[in-house]
Structure formats: structure tokens, C-alpha cells
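This report goes through one structure in plain terms. Please look at the sequence and the model first, then read on.

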There are 2 protein chains.
Amino acid sequence: MARPSKKSEIVQAAAELFSTKGFKATTVRDIAERAGVLSGSLYAHIDTKEDLLIEIVRQAANEFAQALAPIVQSQESPTAKMRAAVHAHLGVIASSRAWSTVYLDEDMAFSETGRATVRQLRRTYEQYWIQLLEEGQQQHVFSDIDIGLTKLFILSALNGFHRWYDPKGRLMVHEIADHYADMILKMLA
Amino acid sequence: MARPSKKSEIVQAAAELFSTKGFKATTVRDIAERAGVLSGSLYAHIDTKEDLLIEIVRQAANEFAQALAPIVQSQESPTAKMRAAVHAHLGVIASSRAWSTVYLDEDMAFSETGRATVRQLRRTYEQYWIQLLEEGQQQHVFSDIDIGLTKLFILSALNGFHRWYDPKGRLMVHEIADHYADMILKMLA
């Protein structure tokens, strides 16, 4: 297996720190220390702390999008796609907790430019969900819902998951996803 | 009308700053400045910055609880109670945005003791929702659901509201609450 590059070790260290301490409370020195480089030499790899944040959000957004794309493009029924999408979304949160926490929660940390980038990344991902809902509605499998509001409702419900999920808890991720998909499909029917 | 006390002005200033900049990035000097007191004299009113945070969470939790209590205790049907509860919860978020943002989002900021207090406050409030769900289930109005998971799903969906709600947007709070209540009641039926 290839050794992770120094850059990717730094991004990983930053994701872990931002997700536990928060972006603003994490110093460049903290990141350097956890990644095992000198503070000074960190700047050979990154420009600013915010660049790291945007890099994390970009990679997290990619991971969510890559999990959803094959589902959205598949030939399955709208119901099967929605169930698979719920599993995929919670799966990404569970397996990339630190990254998705930063992606979902770090809203206050951005400058104007950063915020625009992040908003664009989120919007692209949310487009998949809109597509799933529209398709179900066009095929008369989902009822006549307000797509925008339903998307917000579903994604908010799913995104709360990273706050309470306990890998040692009573239910496994796929069991929670099944319950959640049942509720959502009943709501959409 | 009574003038607000200096202490309550300080708490209000802190709520506004914590909800926009975040707890960790807000300094005692920022709070003093916004409340119009000298940094030094702030400590005549508070012990630590975390005390302010806990005070905000406590007041926000009280506001949510006071909105729900009469609904839970009323003689209405489980369906009517659930609809009223959705309206009440979103109403508190919309009218006390800064306070509820701190209550809902500031998880990383607490010390161990603070975290325990906040967890207790949230648990007390969530108990109302569990009661509503249990009652509906006992009266066979709601289906045979996993109460714990359903509570998490509903509250996550509702709590996402404070992140995207725009008072100048296409829908008013009570319209959004009606849509949300429709979705939730369909899901529970």
C-alpha cells in the first residue's frame, strides 16, 4: 500500500482536530503536532488554515457524491433508490465521522469566499436528492410534495445522525438506515 | 416596562456572539463591548465565559420546555398535540434564533461538568417528545415505531430548521410547520 503523502496526513490531522475542538480553537501548531511536522514546514504544504478546512469539505462532499451517484444513475425504482441513498448517506457519516462532521457543522468558520465554495459543494450534492424526489414524484410513487422542503427535512434528519451515533450502541448503522428509510418512504408515499 | 438588568444584557450579548462567531472565538472583551460594560466589570456579573454559555442553554431549554408543556398536558388528540408541538418548536427557533442556535449547536465548547448539565437539560426537553410519541402509540394513533429512533429523527429534522430558515423567504414559519407536521404525521400513521 502506498504511504499517505505528507499533505494527506496533514489534512487528516486537521479533520480530526476541527471535528473535535472546532476550527477556530484549533491552531496551526496543533495540526503540525498531530501530523508530526514542524509548524514552520506546515506552510510548505498549505497556504492558510482555511484552505485546509475547504480541502476537508471538498473531500467530504466528494465522498458523499460518489456514494450517491451510482444510486441516482441506476435503473432501480424510486423507492429502492431512496432506500439505498439513505444507507449510503449514513454509511459515509459513520465511516468518515471526522470529515463529515466538519462538512456538516463548520458553518461559522468560513470567510465569504470559503462560504461560497462550500455552499456550491453542498448544493451539488443536494441536487442528487432533489433528483431522487422528482423522479419518484414523476413516476407517481411519491405523493405531491414540496420538493425543496422535503429535501431539507430529510437531509436535516439524516445529518443529525453524526451527533448521536455510537458505534457501540444498540443498533448498527444498516439497522438505523433501514428504520430511517422506512420512515422516509412512508412519509413520501 | 422594566429595564433589562445588566446581567440579562450581558447574556443576550453573549448569545448573539456565540451564535454567530462561535463560543471559542468570542472573547470576554467582545461580550463586554457589545453589552456596553468594561471587561473588568463583566466579572462582577459572571464567573466564567462557560457560565454564560450554560446560562444561555438553560434559558433556551426553558423556553422550549415552556412551549411544549401545555401541549403535552392538554386533552387534545395525539395527532393534534404532535402538530402543535411542531409549531411550538419551530416557533421558538424562529423567535429566539441566537439562543436556540447556541442550545442546538454548541457541543464542543463545554467542559465535562458543563456537558453533563447541558445533556440533562436536553434530555428533560426530549422527554416531552417521547411522551407525545408514547401516548400516540398507546392510543393506536401512531404505528408500532421505535420511539427512541423516531424521536431522534424528528428532532434532527426540526433542529435543522435554524440553519436554513430565512424570515424573508418563500414560506412563513407556520407554513413550514404545517408542511413538517403533515410529513411527520404521515410517517407516524
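Leaving aside its neighbours within four places in sequence, with which residues is B:Thr150 in contact? Contact here means heavy atoms within 4.5 Å. On that basis B:Thr150 is in contact with A:Met183, B:Leu133, B:Ile145, B:Met187 and B:Leu188. The residue is found in helix α8 (residues 147-159) of chain B; helices are DSSP runs (H or I, at least four residues), numbered from the N terminus. B:Thr150 is buried, with a relative accessible area of 2%. Buried means under 20% relative accessible area, exposed means over 50%, and partly exposed lies in between (1.4 Å probe, protein chains only).

The model is predicted: local features need pLDDT of at least 70, side-chain atom pairs count only at pLDDT 80 or more, and totals for chains, interfaces and linings use all residues. Residues are numbered from 1 along each chain as its sequence is written, chains are lettered from A and ligands numbered from 1 in the order in which they are written, and side-chain values use heavy atoms, with hydrogens and water left out.

**The two copies**

Chain A can be laid on chain B by a turn of 180 degrees and a shift of 0.0 Å along the axis, with an RMSD of 0.0 Å. The two copies are thus related as by a two-fold rotation axis. The superposition is by least squares on the C-alpha atoms of residues with pLDDT of at least 70 in both copies. Of the interface residues of chain A, 100% are also interface residues in chain B, so the copies meet through the same surface.

**The nonpolar core**

A nonpolar core is a set of buried Ala, Val, Leu, Ile, Met, Phe, Trp, Tyr and Cys residues joined through side-chain atoms within 4.5 Å. The largest one has 146 residues. Those with the most contacts inside it are A:Trp129, A:Tyr180, B:Trp129 and B:Tyr180. Leaving aside its neighbours within four places in sequence, A:Tyr180 is in contact with residues of its own chain, including A:Val86, A:Leu90 and A:Trp164. The contacts of A:Tyr180 in chain B are B:Leu149, B:Leu152 and B:Phe153.

**Salt bridges**

A salt bridge is a side-chain nitrogen of Lys or Arg within 4 Å of a carboxyl oxygen of Asp or Glu. By this rule there are 22 salt bridges over all chains. Three of them are listed here.

| Pair | N to O distance |
|---|---|
| B:Arg163 and A:Asp105 | 2.8 Å |
| A:Lys151 and A:Glu126 | 2.9 Å |
| B:Glu16 and B:Arg34 | 2.6 Å |

The side chains of B:Arg163 and A:Asp105 meet in a salt bridge. This pair crosses between chains, from helix α9 (residues 161-164) of chain B to helix α6 (residues 97-105) of chain A. B:Arg163 is partly exposed at 34% relative accessible area, and A:Asp105 is partly exposed at 24%. Salt bridges that share partners join A:Asp105, A:Arg163, B:Asp105 and B:Arg163 into one network.

A second salt bridge is formed by A:Lys151 with A:Glu126. It links distant parts of the chain, from helix α8 (residues 147-159) to helix α7 (residues 112-138) of chain A, 25 residues apart. A:Lys151 is buried at 12% relative accessible area, whereas A:Glu126 is partly exposed at 22%.

B:Glu16 forms a salt bridge with B:Arg34. B:Glu16 lies in helix α1 (residues 6-21) and B:Arg34 in helix α2 (residues 28-35) of chain B, so the pair ties together parts that are 18 residues apart in sequence.

Terms used
Helices (H or I, at least four residues) and strands (E, at least two) are DSSP runs, numbered from the N terminus.
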